[in-house]
Amino acid sequence: MAEAILTATDLVKHYPIKGGVLRRTVGHVKAVDGVSFELLKGETLGIVGESGCGKSTLGRLLMRLEEPTSGSVVFDGVDMYAQRGRAMRKLRRDIQIVFQDPYTSLNPRKTVGDIVGEPFDIHPDVVPKKGRRKAVQDLLDLVGLNPEHINRYPHQFSGGQRQRIGIARGIALNPKVLICDEPVSALDVSVQAQVVNLMEKLQDELGLSYIFIAHDLSVVRHISDRVGVMYLGKMAELGEEDDIYGRPTHPYTQALLSAVPVPDPTLRDKKEQIVLKGDVPSPANPPSGCRFHTRCWKAQDKCKTDIPLLEMRPDGVATHLSACHFAQPREIIETVDVSDQQDEVGNTV
Amino acid sequence: MTTTETTSRRRAKTATGSEYHPQDGLLLEVEDLHVEFHTADGIAKAINGVDFSLNQGETLAILGESGSGKSVTAQAIMGILDMPPAVIPKGQIRYCGQDLLTMPAEQRRKTRGPEISMVFQDALSSLNPVFPVGWQIAEMFRIHRGMNRSDSLERAVKLMQRVQIPAAKERVKAYPHQFSGGMRQRIMIAMAIALDPAVLIADEPTTALDVTVQAQIMALLQELQEERQMGLILITHDLGVVADVADKIAVMYAGRIVERADVYDLYRQPAHPYTKGLLESIPRLDQKGQQLAAIGGLPPNLMHIPQGCAFNPRCKFAQDVCREDRPTLQLVAPGRESACHFAEEVLNG
C-alpha cells in the first residue's frame, strides 16, 4: 500500500454566529466537526455530501485558506498548521486548489498568461523569469488549450475552457496534492467528460494526488479510488470505491445512492428508492447523538444520545469505516464492470 | 387530497367555463417555432424550427445543454419572453387548437395559470421576498378566480398541505427566506398547480437541489401529474432524471430538435450522434471501470451556427454532406425521428 501524503486528524472548524447589540457570539456553525482521514500518494479521494455538509470547508482547511478551530493536518511529515512565513509559503507549493466556478475564480482583468503565470510571481525560484512565458504556454498545451491564446482574457473562453485555465494554474507549481472543489459541477454534460478525462490524464502523467470534492456521486465514483461520505460536518462512511458503492453500511450513504437517477429507463421500477424525509438540519444546531437520526429510518433511542464512531464495521465481505450504530450492508445499485468492454472508445482530451 | 376532491375541482373548473377543450387528448402543438434575440452584437438564433406536441397525462422531456434553446422554448410557450430583445419571426404554438402567439394579450394572460403554468429552476429568485408565501399562492385565486382574502388563503393552505409542506397552517404567513430550498420549490409547485392547469412546464425543477431533495420533488411532480392528468414538459440537462420520469424525449442542439423518441428506445439505441455522444460521456453510478468518451469541441455560438448540420464540427460521423446540407428530422424507425444524414448507421451501431 502506498504511503500517506496527507493525514488529517480530528479537524474541526466552527464559525461563530454573532448576534445581539453587542455582537456577542451566540452560537457556532459547526461546518466541520471532527474529520479524520488519510490521502495516499497518487490516489484520488472523493468527498461527497449534500450542501452544508462541510465538504468545501474541509477543502479550504486543507489549503489552509481557513485556520481550523482544532485538529491537525500532517503533510509529508510536516504539521501544516504549525508552519509560519517562508516555510508555509514553501508548503503551499505542494498543495493547490481548483475551484468550482470558473466564472468567478478567474480575474476578468488579467490575461490567461497572467493568471496561469501568477504562481511563478509568488514562487519566483520555480521558473526563471525568462522562461515563464514558455512555461505558461506548456501548461496551456498540457491542459488542452491553444498556447497562442496566452494573451486572451477569461471572458473569451467557454466554461470548460475556463476550468482548464483553473487547472493549469493549479498544477503550475508541480504540486503533490490538488484539491478539486466541485471542478465539473458548473459544466455542461458534454464538456464535463472532457475535464474529467483531462484530470485523469494529468494524474497519470504528473503523479498527483487528488482530493475530489463533489456532490455528484456518479462523477465521484468514476474518478475516485476511495470515497468519503460527509453529513453535517462529520464523515459518515469512508472506504474503497467498491465498499461505498457496492456495500454501503451507513443508512445515509444508502439513501444518497438510491436517490441518484441512473440514466437507464429500464431500471425505473426495479430500482429501490429510499426517499428521505425532510431536509438537512442546520449545522448551527445539529441533532444530538448521530446527526442523521432525525431522518433515519433505523434510528433508535441510542442514536439520539450516543455519537457513533467512524470505525471498521463489517460490510458483508470485509470491513470498512462507517459511523452507524446499526451498520449493515445493503446493495442499492447493481454494479456492472465495464472496464474491459470499452477499448474502441476514442478519448478526446 | 383524495380523488373525489380532485374530481370536484375538475368539475368546478368546467363550471367556471374553460373555453379550451383538448381534442383526442391533444393539448399543445408547437409548429416550426423560431425565436431570435436581437442584440447589439448581432442576431442570436436561439430556436430555429422546433415542432412537438403534448398529450394529456404525458411527460415530454426536452433535453439539452445550455444554449440549446430548451428554456427559450418553454418561455415562448408561456409567453414570458422579453420582447424585445426576443422576436418570434415564425411559428405557431397551439393550445387546444388555438394559436397562443396570435391571441390578444388579455386572452393569453388568462391562459397563463389556469391552462398552462410553469415551475422555475431557482425558487428563491422566483418568489417575492417581501410577501408571505401564502399570500403569493393565494394571489392566483384572487386574480384569476376573484376570491377574497380569507377564502384564497384557505385554498393556499390546502395547496401547501397538498405539496407536503409540514405545518402548512402555521407557515402560510412565513416568508420565502424562512424555507429551505426544497420547501421553496414545493411552494413554486403549489403556485403552478393552484388553478389546475392542463399543461405544466417544469424548467430544470431540481437542478438547484440536493440529490435526496431532488428525489422528493420529482416524486411529488409525478404524483401530481398522475392525479390531475396534466401534460408535463420537463426541461432538463440531466439524463438521469429524464430516464426516471419521461415518456417521450426531444433532444435539442443549437435551437433544433435533433432526435425524438420514446424514452426506452432512445436510451437503448440512440439515433443521433449527439445523443449517442451524450450517453457515452456521462459517468454512471452503476458502472465501474468505465471510460468516458467525451464529445470534443464546444457547443456552437448561436450567432454563428455552423453551416449544414450544426453538430458537424463535433461529430465523429461527419462527411462533406453534413457540412453543406442541414438534415431535417426524419422518421428512421417506427416512432423514432432523427435529424442526421447517417441516422441509420448511428442507430445500427
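Two strands pair if DSSP finds at least two bridges between them. By this rule, 4 strands of chain A form an open sheet in the predicted model. Their order is β2-β1-β4-β5, and the pairing is antiparallel. β2 (24–40) and β5 (78–79) of chain A stand at the edges. Each has a single partner strand, so one side of each is left without a neighbour in the sheet. In β5(A), D79(A) is the bridge partner of V74(A).

Strand β10(A) covers residues 234–240. Of its 7 residues, 6 are buried, so the strand is largely enclosed by the rest of the structure. Strand β9 (residues 226–231) of chain A is joined to β10(A) by 6 bridges, and the two run antiparallel. Here M230(A) has M235(A) as its bridge partner in β10(A). β9(A) and β10(A) form a hairpin with 2 residues between the strands. In this hairpin, L232(A) takes a positive phi near 45°. β10(A) also pairs with strand β12 (residues 319–322) of chain A. That pairing is antiparallel too, over 2 bridges. In β12(A), the bridge partner of L238(A) is L321(A).

The two chains meet in an interface. On it, 44 residues of chain A are in contact with 43 residues of chain B. On the chain A side, the elements that give two or more residues are α6 (189–206), α7 (217–223), α9 (251–259) and β13 (336–337). α6(A) gives the most, with 6 residues. By class, this side has 19 nonpolar, 17 polar and 8 charged residues. Strand pairing also crosses between the chains. β13(A) pairs with strand β11 (residues 287–288) of chain B in the parallel sense, over 2 bridges. In β11(B), Q287(B) is the bridge partner of V336(A).

The largest nonpolar core holds 198 residues. The members that touch the most other members are I211(A), I137(B), I187(B), A190(B), I201(B) and I249(B). In soluble globular proteins, nonpolar side chains tend to be buried together. I137(B) shows the contacts in detail. Leaving aside residues up to four places away in sequence, I137(B) touches A156(B), L159(B), M160(B), I187(B), A190(B), M191(B) and A194(B).

Among these contacts of I137(B) are A156(B), L159(B) and M160(B), which are also buried residues of helix α6(B). This helix has 14 residues, 149–162. At 1.5 Å a residue it should span 20 Å. Its end C-alpha atoms are 20 Å apart, which agrees. The buried residues of α6(B) are S152(B), L153(B), A156(B), L159(B), M160(B) and R162(B). Seen down the helix axis, they fall within an arc of 165°, so they line one face of α6(B). These buried residues pack against α5 (133–145), α7 (168–171) and α8 (181–193) of chain B. Just after the helix, Q164(B) takes a positive phi of about 60°.

Several loops of chain B have backbone features of note. The loop between α2 (70–78) and β4 (86–95) of chain B contains P84(B). P85(B) is found in that loop as well. A cis peptide bond joins M83(B) and P84(B), with omega of about -15°. Another cis peptide bond joins P84(B) and P85(B), with omega of about 10°.

Positive phi also occurs in loops of chain B. Q229(B) has a phi of about 55° although it is not a glycine. Q229(B) is found in the loop between α9 (211–228) and β8 (231–236) of chain B. A254(B) is likewise not a glycine, and its positive phi is about 50°. A254(B) lies in the loop between β9 (248–253) and β10 (256–262) of chain B. Are these two residues buried or partly exposed? A residue counts as buried if 20 or more other C-beta atoms lie within 10 Å of its own. Q229(B) has 14 such atoms within 10 Å, so it is partly exposed. A254(B) has 24 within 10 Å, so it is buried.

Terms used. Residues numbered from 1 in each chain as written. Chains lettered and ligands numbered in written order. Predicted model: local features only at pLDDT ≥ 70, side-chain atom pairs only at ≥ 80, totals over all residues. Expected span 1.5 Å × (residues − 1). Buried ≥ 20, exposed ≤ 12 C-beta atoms within 10 Å, placed from the backbone. Arc of directions from axis to C-beta. Contact = placed C-beta atoms within 7 Å. Nonpolar A, V, L, I, M, F, W, Y, C, P; charged D, E, K, R; others polar. Core = buried A, V, L, I, M, F, W, Y, C linked by C-beta atoms within 7 Å.
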